[in-house]
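This briefing looks at how two protein chains meet in a structural model, and at what a database record says about one of them. Please read it with the structure open.

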Amino acid sequence: MNKTTNQKAWFLVLPVLVLVAFSAVIPLMTVVNYSVQDTFGNNQFFWAGLEWFEEMLASQRMWDALGRQLMFSGIILAIEVPLGIFVALNMPKGGFWASFCLVMMSLPLLIPWNVVGTIWQIFGRVDIGLLGYVLDRIGVNYNYTQDTVAAWITIVVMDVWHWTSLVALLAYAGLKSIPDAFYQAAKIDQASRWKVFRYIELPKMMGVLMIAVLLRFMDSFMIYTEPFVVTGGGPGNATTLLSIDLVKMALGQFDLGPAAAFSIMYFLVILLISWVFYTVMTNLDNRGS
Amino acid sequence: MAWMAWTWPTAIFFLVIASLLVIFTILAIRFPETPRTGVLGIETTRGDRLFITLLGSAFLNLAWLGWTDLAQWWGLVIALVYAAAVFRWV
């Protein structure tokens, strides 16, 4: 068969390119420009060279925020991915209850970030919140505004509540795509439940799971609104994640230069980790096919 | 353009990256290639290797800036050596 080679379809991508240029590329270039200069407002800039990068690299504040951020992303991935798989495995395979579960689980995904934050902020309050009040009455010392551990538990549980269903839905889609023949073969071989999971379900879910991990990682690594609404980064700096610290620096203190240098390093870390995930994902795909 | 606060060094930086992208696009069109598997065990094309080079160079330069007090030009020299290594072996 003669295939015509014609690359003109690429022009259809142009509108997207223009949009991305204005929404991402030009702002990013501006950030790079800011990162090597100092400003006191009034659109006046003074050359600062690599000073801000040096300052940020030596800043304990940035390393602490990065540490907290990595811990947060690590914890929520370690909870959400296994929990999501577990939920997907135990969901009804079809019929009314399958649709019911799907709709119920999509609900948290539809709620805007700031509303999720507000829900949990009120839910956890000792005076009027159901969770905080009950915990307080049964004698648990829980106060997310003063206790670091309580604050961390609150934001982690909030994220798990908000996003586990995304992992579960993706894993469920992966499970649904496995033909029945695989299970029948496993039954004939008298494979145990664990072996069915390990050698049939897990490999077949790998693709969607990598997407789930990538999405959850990037999203949690950039998280701002929810913890900001619940704890405001406190108590002290205990839940000041990278983006919260960045906003404090850029808009609170108006230190545009250091904040720009900070953003670039933040961007590079996200780029690196996303690239690693992406490479692993496409290589798994290639090996599979 | 004033709001973008352009400076010559950053303009040159972006010009270099933009021209690299253009050169590699032309190369990809004029001399099509098949991906190869290098030391990382992953399939890479020239574009992939350029990406690995640029991203790695950024981290190398940051590490140089953070850990040494020597001139930043040496960081760039190391990045160039790294680039040659990536294009040879990755």
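The points below cover the contact between the chains, the parts of chain A that form it, and the annotated spans of chain B.

The model is predicted. In it, chain A brings 24 residues to the contact and chain B brings 22 residues, and the area buried between them is about 2100 Å².

- Carbon and sulfur atoms give 79% of the area buried between chain A and chain B.
- Between the two chains the count of salt bridges is zero, while three residue pairs are in polar contact, counted where both residues have pLDDT 80 or more.

**The side of chain A that touches chain B**
- A:N33, A:L268 and A:W275 together supply 25% of the area that chain A buries against chain B, which is more than any other three residues supply.
- At least two residues each come from α1 (14-35), β2 (45-47), α2 (51-57) and α12 (256-288) of chain A, and α12(A) gives the largest share, with nine residues.
- Sorted by class, this side of chain A has 16 nonpolar, seven polar and one charged residues.

**Annotated spans of chain B**
- An unreviewed UniProt entry lists residues 6-29, 50-67 and 73-89 of chain B under "transmembrane region".
- In the model, residues 6-29 of chain B are 92% helix and 0% strand, and the end C-alpha atoms of this span are 32 Å apart.
- Residues 73-89 of chain B are 100% helix and 0% strand, with the end C-alpha atoms 24 Å apart.

Conventions: Residues are numbered from 1 along each chain as its sequence is written. Chains are lettered from A and ligands numbered from 1 in the order in which they are written. This is a predicted model: local features need pLDDT of at least 70, side-chain atom pairs count only at pLDDT 80 or more; totals for chains, interfaces and linings use all residues. Side-chain values use heavy atoms; hydrogens and water are left out. Contact means heavy atoms within 4.5 Å. Buried area is the accessible area (1.4 Å probe) that two parts lose on being put together, summed over both. A salt bridge is a side-chain nitrogen of Lys or Arg within 4 Å of a carboxyl oxygen of Asp or Glu. A polar contact is a pair of N or O atoms within 3.5 Å; within protein, one must be able to donate a hydrogen and the other to accept it, and residues adjacent in sequence count only if both atoms are side-chain atoms. Helices (H or I, at least four residues) and strands (E, at least two) are DSSP runs, numbered from the N terminus. Ala, Val, Leu, Ile, Met, Phe, Trp, Tyr, Cys and Pro count as nonpolar, Asp, Glu, Lys and Arg as charged, and the others, Gly among them, as polar. UniProt positions are given in the numbering used here, feature names are shortened, and annotations may be inferred rather than shown by experiment.
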